[in-house]
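This briefing goes with the sequence and structure shown below.

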Amino acid sequence: MEAGEEVAMLKAVTISIDRDRCKGCELCVSFCPTGVLALSDRDFNASGYRPAVVLRPDACTGCAHCARMCPEAAISIAVLRPATAMAR
Ligand code: SF4
Ligand code: SF4
């Protein structure tokens with residue numbers, strides 16, 4: 001790193017979906033701008049719905065549109081923003 005150069009580390013995003021709270025409405029899938037989410041094509045949750053799953057975690061920006069749209073409050077987004085480093 002050169003003197004005076006600022007380096008911002010990439011943020012880390014954690015997506016948590018409570019699969020048994022999910023009703024499979026697909027709103028989160030529709031509102032995700034980067035195609036991170038999908039409904040499971042493999043299994044059903046305890047209520048018999050296909051739950052939302054994370055398909056492309058690397059594409060998540062942490063915008064939390066999915067969490068805000070979910071009528072069941074089944075999604076939580078945590079964004080870790082490491083401190084910015086500055087060379088002296
Ligand atoms: S936080 Fe944004 S980018 Fe990430 S899954 Fe939700 S809607 Fe998609
Ligand atoms: S918006 Fe909520 S209830 Fe609807 S599919 Fe997504 S996680 Fe499930």
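**Ligand shells**

The shell around ligand 1 consists of 9 nonpolar and 4 polar residues, with no charged residues. In this classification Ala, Val, Leu, Ile, Met, Phe, Trp, Tyr, Cys and Pro are nonpolar, Asp, Glu, Lys and Arg are charged, and the others, Gly among them, are polar. The model is predicted: local features need pLDDT of at least 70 and side-chain atom pairs count only at pLDDT 80 or more, while totals for chains, interfaces and linings use all residues. Residues are numbered from 1 along each chain as its sequence is written, and chains are lettered from A and ligands numbered from 1 in the order in which they are written.

- Ligand 1 is surrounded by 13 residues, and the closest are C32, V36, C60, C63 and C66. A residue is near a molecule if its C-beta atom, placed from the backbone, lies within 6 Å of it.
- Ligand 2 is surrounded by 14 residues, with C22, C25, C28, A52 and C70 the closest.
- The shell around ligand 2 divides into 10 nonpolar, 1 polar and 3 charged residues.

**Fold**

- The protein chain has 2 helices and 6 strands. Helices (H or I, at least four residues) and strands (E, at least two) are DSSP runs, numbered from the N terminus.
- Read from the N terminus, the order of elements is β-β-α-β-β-α-β-β.
- Of the 88 residues in the protein chain, 15% are buried. A residue is buried if 20 or more other C-beta atoms lie within 10 Å of its own, exposed if 12 or fewer, and partly exposed in between, with C-beta atoms placed from the backbone.
- Counting contacts between residues at least 6 apart in sequence, 68% join residues at least 24 apart. Two residues are in contact if their C-beta atoms, placed from the backbone, lie within 7 Å.

**Nonpolar core**

- The largest nonpolar core has 12 residues: I15, C22, C28, C32, V36, L37, A52, C60, C66, C70, A74 and I75. Such a core is a set of buried Ala, Val, Leu, Ile, Met, Phe, Trp, Tyr and Cys residues joined through C-beta atoms within 7 Å.
- C22 sits in the loop between β2 (12-17) and α1 (27-31). C22 is buried because 24 other C-beta atoms lie within 10 Å.
- Beyond four places in sequence, the contacts of C22 are I17, N45, Y49, P51, A52, E72 and A74. For C22 and A74, 52 residues apart in sequence, the C-alpha to C-alpha separation is 5.9 Å.
- L37 belongs to strand β3 (residues 37-39). L37 counts as buried because it has 24 C-beta neighbours inside 10 Å.
- With neighbours within four places left aside, L37 is in contact with C28, V29, C32, A52, V54, L55 and C66. Along the chain L37 and A52 are 15 residues apart, and their C-alpha atoms are separated by 6.6 Å.
- V36 touches V54, L55, R56, P57, A59 and C60, when residues up to four places away in sequence are not counted.

**Loop residues with positive phi**

- Most residues other than glycine have a negative phi.
- E26 has a positive phi, near 75°. This residue is in the loop between β2 and α1, and E26 counts as partly exposed because it has 14 C-beta neighbours inside 10 Å.
- A64 also has a positive phi, near 70°. A64 lies in the loop between β4 (52-54) and α2 (65-69), and it counts as partly exposed because it has 16 C-beta neighbours inside 10 Å.

- N45 is placed in the loop between β3 and β4. N45 is partly exposed because 18 other C-beta atoms lie within 10 Å.
- Leaving aside neighbours within four places in sequence, N45 contacts R19, D20, C22 and P51.
- D18 is in the loop between β2 and α1, and D18 is partly exposed because 15 other C-beta atoms lie within 10 Å.
- D18 and N45 are 9.9 Å apart, C-alpha to C-alpha, and 27 residues apart in sequence.
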